[in-house]
Amino acid sequence: MLLCSFVPRNSVLGLALLAGMAASSSGFAQAAPEKAAVRPWMNTSLSADERAGLVLKQLTIDEKIGLLHGTGMKGLGPLSPLAIHSNGGAGYVTGVPRLGIPDIQMSDAAYGVRASGENGRYSTALPSDLAGAASWDVDAAHEYGALIGRELRAQGYNMSLGGGVNLTREPRNGRTFEYSGEDPILAGTMVGHVIQGTQAQHVLGDIKHYALNDQESGRNAVNVKMDERSMRESDLLAFEIGIRVGEPSAVMCAYNRVKGDYSCENKHLLTDVLKKDWKFPGFVLSDWQATHSTVKASEAGLDHEEPGEIFYGPAFKKAVEAGQISTADLDDHVRRILRSMFASGLVDDPPQKSVPDVLGGLEVAQKIAEQSIVLLRNENSQLPLDASKLHTIAVIGLHADVGMISGGGSAQVDPPVGNAILPPGKGQTRWLEPMWFPTSPLKAIRAKVPHANVQYDAGTDLAKAAALAQGADVAIVFAYQWESEDMDLESLSLPEQQDDLIAKVAASNPHAVVVLETGSPVLMPWAGQVSGIVEAWYAGSRGAEALANLLFGDVNPSAKLPITFPLKDADLPHPNIVKPPVTSTTRSGDPDAWKKIAAGLPPFQISYDEDLKVGYKWYDAEKKPVLFPFGFGLSYTTYSYSHLKVESGSTLRVTFDVKNTGTRDGAEIAEVYAALPPSADEPPKRLVGFSKIPLAAGESKEVTVEVVPQYLSIYDVKGKTWQLVPGEYTFMVGGSSQDLPLHQSVTLN
Ligand code: BGC
């Protein structure tokens with residue numbers, strides 16, 4: 001602790017002493033008028049750019065460089081002594097205390113705030129990001145982000161490292177649960193609203209991993225090849241929309257190379273597309289150890305290195321002094337960071353550590369889970385279960401008595417009391433170790449049917465599980481597929497002998513319901529043998545309670561798949577995941593790993609030559625049948641669609657009626673797709689809009705979806721612009737990408 005008292009905090013070179021520190025970390029309340037006179041940048045009537053410009057003029061070169069890098073991260077490369085001031089998150093940047101510019105305290109926060117366990121704090125785990133996207137509900141996305149923002153602040157952070165939106169080209173990617181699925185318009189819109197919600201709490205938000213970091217295998221080495229048009233209309237479009245909607249403070253560039261250059265020194269991605277075409281005013285920070293150079297990276301548009309200062313510390317200063325990097329470029333990097341700090345409100349309204357609203361957080365987590373769980377199969381209306389008619393229930397599946405599984409890696413949220421499958425106090429979070437949240441399906445089911453005999457079996461002995469199922473009124477099997485950053489799945493098949501278990505249970509009980517806890521789609525060779533299938537994803541802190549509400553009909557399912565469930569791995573655009581010749585991970589435990597990574601690993605290639613055909617666009621174009629299509633999800637009621645009208649004026653409006661034709665209240669996600677004219681040379685159809693509509697039993701509503709012109713356009717590589725191809729457009733409306741009862745064609749010029 002002695003170190004703490006004597007470490008100057010505002011630059012590597014130690015220009016500010018402790019006197020300045022006292023004022024630095026928590027004392028930035030609203031500027032008093034006299035303060036604004038001394039510090040004109042504290043005048044809140046000025047724009048963020050003006051305020052940043054005023055600060056910039058005051059900064060020494062060392063202070064500027066201090067803002068361009070982090071101070072290291074425990075376990076990942078060299079730590080600066082300044083890291084002692086870190087709040088315990090993944091990144092810590094020293095501010096400029098003498099000018100009232102606060103430190104940046106970054107935390108991973110994909111589905112909740114990370115590392116609360118090791119810091120002795122509490123975080124709520126929301127359902128996975130993919131689950132959130134399954135709600136197709138932008139208000140829920142906003143609420144998702146807002147909860148993260150509030151808990152970041154309560155823990156003393158002022159920057160979120162959430163916002164993952166890599167498009168699912170490779171569903172075996174171990175981070176699929178952290179992203180928002182396979183469609184750029186749905187994914188971009190949902191992540192944009194999450195970011196909006198987070199930043200509304202006056203913290204910096206980011207969007208990541210820019211770009212084409214679509215699998216974990218060899219992520220530091222892989223060179224991704226894709227043609228420009230496909231890139232712009234798919235993976236990059238998700239980012240473009242996310243940035244437009246969410247206005248994130250930062251973009252995190254990815255580990256991989258794109259067409260030869262590392263993402264974090266890729267001029268085309270960072271400057272031409274992001275900063276010029278999309279006019280992104282914020283800053284680009286590197287993924288952790290994804291910076292590989294000083295001059296090249298700066299020229300390409302990288303503004304900030306994380307987690308340390310290998311390239312953006314003393315080496316950067318030297319390059320400026322040697323004239324290899326201009327002062328204008330240095331200032332542009334710094335201005336972008338300062339600008340984001342003012343724009344997000346964190347300078348005027350810094351976080352105050354406090355006790356997070358645990359109960360409020362759990363309520364939000366449950367509500368979002370209830371909107372995210374997808375009902376995939378419901379033969380003979382097996383669900384909802386009628387509690388009054390059930391006497392015996394068999395609950396089967398590993399750990400379904402104590403918890404539900406969560407997604408791992410830097411997204412991992414720590415459960416209170418630790419891993420539910422280990423004794424209290426023994427189950428800390430460990431890298432690449434599955435973490436089960438203490439939300440017990442068995443308990444939640446028992447609470448719904450206190451009079452019934454609810455028995456549990458782990459399912460490890462198939463014959464025993466089948467015997468338990470045989471005598472029960474209903475058998476509910478919990479199956480899981482764990483995934484994490486730093487790994488990919490070999491196959492979309494359920495691991496262990498879970499397929500056999502389900503088949504056995506189904507053979508012994510005609511009322512078998514399968515609940516899936518997965519981060520990606522899974523294969524279901526047994527699908528036709530069970531009467532119910534529910535995709536619960538990684539359901540978060542209150543997953544079991546939400547699930548029980550759905551199973552027993554207190555909540556009517558309303559979510560739909562943001563991702564296709566294929567029939568087999570061989571149907572994917574790349575039947576086998578492309579593996580690097582040499583395996584490498586960022587967290588290999590090798591103390592010199594960072595040096596090797598910084599030096600650059602030998603590249604290997606992935607060509608995404610399926611191009612524009614991502615997800616359902618691939619199956620549509622290849623005419624491959626799927627298990628469950630994109631946009632699909634059942635409800636306990638039914639809906640009908642009628643009266644389609646497409647009006648093309650200055651805005652294109654698609655209007656139709658949706659009616660709840662059943663006897664239960666519900667909410668229907670209406671999806672609008674368009675088939676472009678043949679000369680556009682596009683996959684058969686694309687999602688161009690959607691709306692989630694609450695409908696009471698019997699109620700009918702007229703719905704209008706305004707279609708953003710870009711969503712009907714193609715990217716013209718030569719003209720470097722989006723272009724509407726003149727011709728006939730067919731609009732299709734319905735409740736799933738494969739159930740579109742309404743069609744209308746219009747000619748657009
Ligand atoms: C991940 C990022 C994360 C960072 C900091 C990296 O390994 O790719 O998503 O934000 O670590 O933990």
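What follows is a walk from the aromatic cluster to the sheet beside it in the account, and then to a few other places along the chain.

Modeller: Happy to! Please keep in mind that this is a predicted model.

Let us begin with the rings. Across the whole structure, a search finds 15 aromatic pairs. One of them is formed by Y616 and F630, whose ring centres are 4.5 Å apart, with the planes at 25°. Planes under 30 degrees apart count as stacked, so this pair is stacked. Y616 belongs to helix 21 (residues 616–622), while F630 sits in the loop between helix 21 and strand 19 (639–648), so the pair ties together parts that are 14 residues apart in sequence. Y616 is buried, at 3% relative accessibility, and F630 is buried as well, with a relative accessible area of 0%.

W136, Y616, F630, Y673 and F690 make up one aromatic cluster. Y673 also has a charge over its ring: the charged end of K685 sits there, 5.8 Å from the ring centre.

Now for the sheet. Strand 21 covers residues 666–675, and strand 22 covers 686–695. The two run antiparallel and are joined by nine bridges; for instance, E668 has I693 in strand 22 as its bridge partner. Strand 22 is mostly covered, with nine of its ten residues buried.

Both strands belong to an open sheet of four strands, in the order 22-21-26-27, with antiparallel pairing. Strand 22 and strand 27 (742–748) stand at the edges with a single partner strand each, so one side of each has no neighbour in the sheet. On average, neighbouring strands here are turned by 20° against each other, direction ignored. At the other end of the order, strand 26 (residues 727–734) pairs with strand 27 in the antiparallel sense over seven bridges, and Y729 has V746 in strand 27 as its bridge partner.

Setting aside neighbours within four places in sequence, K645 is in contact with R653, V654, T655 and Q744. For a sense of scale, the C-alpha atoms of K645 and A469 are separated by 51 Å, and these residues are 176 apart along the chain.

V395 has I476 in strand 15 as its bridge partner.

The torsion about the S-S bond is about 110°, so the disulfide is right-handed. C253 lies in strand 6 (residues 250–253) and C264 in the loop between strand 8 (261–262) and helix 11 (267–277), so the pair ties together parts that are eleven residues apart in sequence. Both C253 and C264 are buried.

Helix 11 itself has L269, L270, T271, V273, L274 and K275 as its buried residues. After helix 11 comes K279, with a positive phi near 55°.

The last stop is H292, in the loop between strand 9 (283–286) and helix 12 (295–300). With a relative accessible area of 11%, H292 is buried. Not counting residues up to four places away in sequence, H292 touches Y262, E265, F311, I597, A598 and G600.

To come back to your request, the cluster of W136, Y616, F630, Y673 and F690 is the place to start in the viewer, and the stacked pair of Y616 and F630 is part of that cluster.

Key. Residues numbered from 1 in each chain as written. Predicted model: local features only at pLDDT ≥ 70, side-chain atom pairs only at ≥ 80, totals over all residues. Heavy atoms only, no water. Phe/Tyr/Trp six-rings, centres within 6.5 Å; stacked < 30°, edge-to-face > 60°. Buried < 20%, exposed > 50% of the residue type's maximum accessible area, 1.4 Å probe, protein only. Lys NZ or Arg CZ within 6 Å of the ring centre and 35° of its normal. Disulfide = S-S within 2.5 Å. Contact = heavy atoms within 4.5 Å. Pairing = 2+ DSSP bridges. Axes fitted to C-alpha atoms, helices over the stretch in contact; angles between N-to-C directions.
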